[in-house]
Amino acid sequence: MTTRGNPDGANGLEPAWLLHRRPFRNTSLILDLFLPGGGRVGAVARGGRRNPALAPFVPLWVQLQRGSGELHTLRQVEPRAAAVSLTGTALYCGFYLNELLVRLLHRDDPHPDLWPAYEYTLRELKGDTPLDVTLRRFEMVLLEEVGYGLVLEHDGEGQPLSPELRYGWVPDLGLIPNKNGHSGADLQALAEDRWTPAVRRMAKQLLREALAPHLGGRPLRSRELFRGTS
């Protein structure tokens, strides 16, 4: 693996983000990368543990070579900009985003519309928007991208949501009237991107319910780091 200057991304280099890395043999890494045209891609970075660019939240240029198995080989890598500087709880939120992508995206399944949403969300983690609101918005985009988007305009039977009723979330059906469920008024506010304190509390629970069937029964490690936010 080589690193060299190439600011315009020519010579076969593609933009990428590192989602996850784990040691492989003596000095190498197995990577989960996120590419706009390739989605989540697995790659071996030989000697990668010595490369400081292979870190979370560093925007990268990469060149990949397809192998005979499911993993690519990382042939070249270099930063395409300065790292997104996340600290404190925002850093844990960034790890949460990355873990969601690793857990919900199939390898080599392109999601070009998710790429700008991910980059925008990383920038938002440094901004003034409440972190939980930023996470909920991304979770909804991600669910939509993988084919399990929240339908907030009507219930599972096709009836418009009523602000006077309450609704429970049922996998594969959606929102079903349930007196112990979520407020219809809060669900309508969520659909309109109105984030009152009550909507924020409701959205946190609703998105956990919607994500749970796609996490394979295993808890998210990043969620354990910041229980008060995610």
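## Around helix H3

The cover over the buried residues of H3 includes H1, helix H2 (114-124), helix H4 (184-191) and helix H5 (197-211). Buried means under 20% relative accessible area, with a 1.4 Å probe and protein chains only; helices are DSSP runs of H or I with at least four residues, and strands are runs of E with at least two, numbered from the N terminus.

This is a predicted model, where local features need pLDDT of at least 70 and side-chain atom pairs count only at pLDDT 80 or more, while totals for chains, interfaces and linings use all residues. Residues are numbered from 1 along each chain as its sequence is written, and side-chain values use heavy atoms, leaving out hydrogens and water.

**Exercise 1.** Find the order of the elements in the protein.

*Solution.* Start with the tally: six helices and eight strands. Now walk from the N terminus, and you get β-β-β-β-β-α-α-α-β-β-β-α-α-α. As for burial, 47% of the 230 residues are buried.

**Exercise 2.** Work out which residues of H3 are buried, and how far H3 reaches.

*Solution.* Take the span to begin with: H3 has 15 residues and reaches 21 Å from its first C-alpha to its last. That's close to the 21 Å expected at 1.5 Å a residue, where the expected span is 1.5 Å times one less than the number of residues. Next, pick out the buried ones: Asp132, Val133, Thr134, Leu135, Arg136, Phe138, Glu139, Met140, Leu142 and Leu143. Then look past the helix, where Gly147 follows H3 with a positive phi near 90°.

**Exercise 3.** Decide how H1 lies against H3, and say which residues meet.

*Solution.* Check the axes, which are lines fitted to C-alpha atoms over the stretch in contact. Those of H1 (residues 88-104) and H3 (residues 131-145) come within 11 Å and cross at roughly 10°. That makes H1 roughly parallel to H3, as angles under 35 degrees count that way.

Now list the contacts (heavy atoms within 4.5 Å). From H1 come Thr89, Ala90, Cys93, Tyr96, Leu97, Leu100, Leu101 and Leu104, and they meet Leu131, Leu135, Phe138, Glu139, Leu142 and Leu143 in H3. Sorted by class, that's twelve nonpolar, one polar and one charged.

**Exercise 4.** Explain why H2 is largely enclosed by the rest of the structure.

*Solution.* Count up: eight of the eleven residues of H2 are buried, so H2 is largely enclosed. Among them are Trp115, Tyr118 and Leu122. Finally, look for the cover, which includes strand E1 (14-24), strand E2 (28-35), H1 and H3.

Conventions: Axes are lines fitted to C-alpha atoms, for helices over the stretch in contact, and angles run from 0 to 180 degrees between N-to-C directions. Angles under 35 degrees count as roughly parallel, over 145 as roughly antiparallel, 65 to 115 as roughly perpendicular and the rest as oblique. Ala, Val, Leu, Ile, Met, Phe, Trp, Tyr, Cys and Pro count as nonpolar, Asp, Glu, Lys and Arg as charged, and the others, Gly among them, as polar. Buried means under 20% relative accessible area, exposed over 50%, partly exposed in between (1.4 Å probe, protein chains only).
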